[in-house]
Amino acid sequence: VQLQASGGGLVQPGGSLRLSCAASGRTFRNYYMGWFRQAPGKERQFVGTISQNSYNTAYADFVKGRFTITRDNAKNTVYLQMNSLKPEDTAVYYCAAVGYYTISEDSYDYWGQGTLVTVSS
């Protein structure tokens with residue numbers, strides 16, 4: 001599976017942004033899809049994940065109630081809707097794929113190239 005993340009940019013605090021991650025191949029629907037982020041000078045951290053059929057999602061505490069992950073298996077795409085953005089959300093955001101539920105980045109098999117989100121006034 002090849003992944004291509006997009007949708008990053010500059011947004012003001014309190015604003016919203018939607019990231020997309022397009023996958024190649026016909027096996028997209030077989031994978032849990034996760035989002036991670038890496039802020040400048042910090043380690044990459046788990047943001048959230050969604051199951052193959054969208055029935056199950058899980059989020060890091062720092063994004064609960066603000067970020068939502070959805071997917072469209074017909075379009076081979078997963079989305080990260082980010083609302084009420086804060087300056088501390090500034091990071092490179094990555095999408096990743098794995099065959100089961102996990103929040104460990106070491107377990108994910110496929111990674112997108114990352115898209116930069118900057119939250120600043």
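**Close-up views of a predicted model**

One disulfide is counted in this structure, the term meaning a pair of cysteine sulfur atoms within 2.5 Å. The model is predicted, so local features need pLDDT of at least 70 and side-chain atom pairs count only at pLDDT 80 or more, while totals for chains, interfaces and linings use all residues. Residues are numbered from 1 along each chain as its sequence is written, and side-chain values use heavy atoms, with hydrogens and water left out.

**View 1. The disulfide between Cys 21 and Cys 95.** The S to S distance is 2.1 Å. Cys 21 lies in strand β3 (residues 17-23) and Cys 95 in strand β9 (residues 91-98), 74 residues apart, and the pair links distant parts of the chain. Strands (E, at least two residues) are DSSP runs numbered from the N terminus. The S-S torsion is about 65°, so the disulfide is right-handed. Cys 21 is buried, at a relative accessible area of 0%, and Cys 95 is buried with a value of 0%; buried means under 20% relative accessible area (1.4 Å probe, protein chains only).

**View 2. The hairpin of β4 and β5.** Strand β4 (residues 32-38) runs antiparallel to β5, joined by five bridges; strands pair if DSSP finds at least two bridges between them. Arg 37 is opposite Gln 45 of β5. Six residues separate the two strands, and Gly 41 in the turn has a positive phi of about 75°.

**View 3. The hairpin of β5 and β6.** Three bridges connect β5 to the antiparallel strand β6 (residues 57-59). Thr 49 has Ala 58 in β6 as its bridge partner. Six residues lie between the strands, with Ser 54 in the turn at a positive phi of about 70°.

Terms used
Helix = DSSP H or I, 4+ residues; strand = E, 2+ residues; numbered from the N terminus. Buried < 20%, exposed > 50% of the residue type's maximum accessible area, 1.4 Å probe, protein only.
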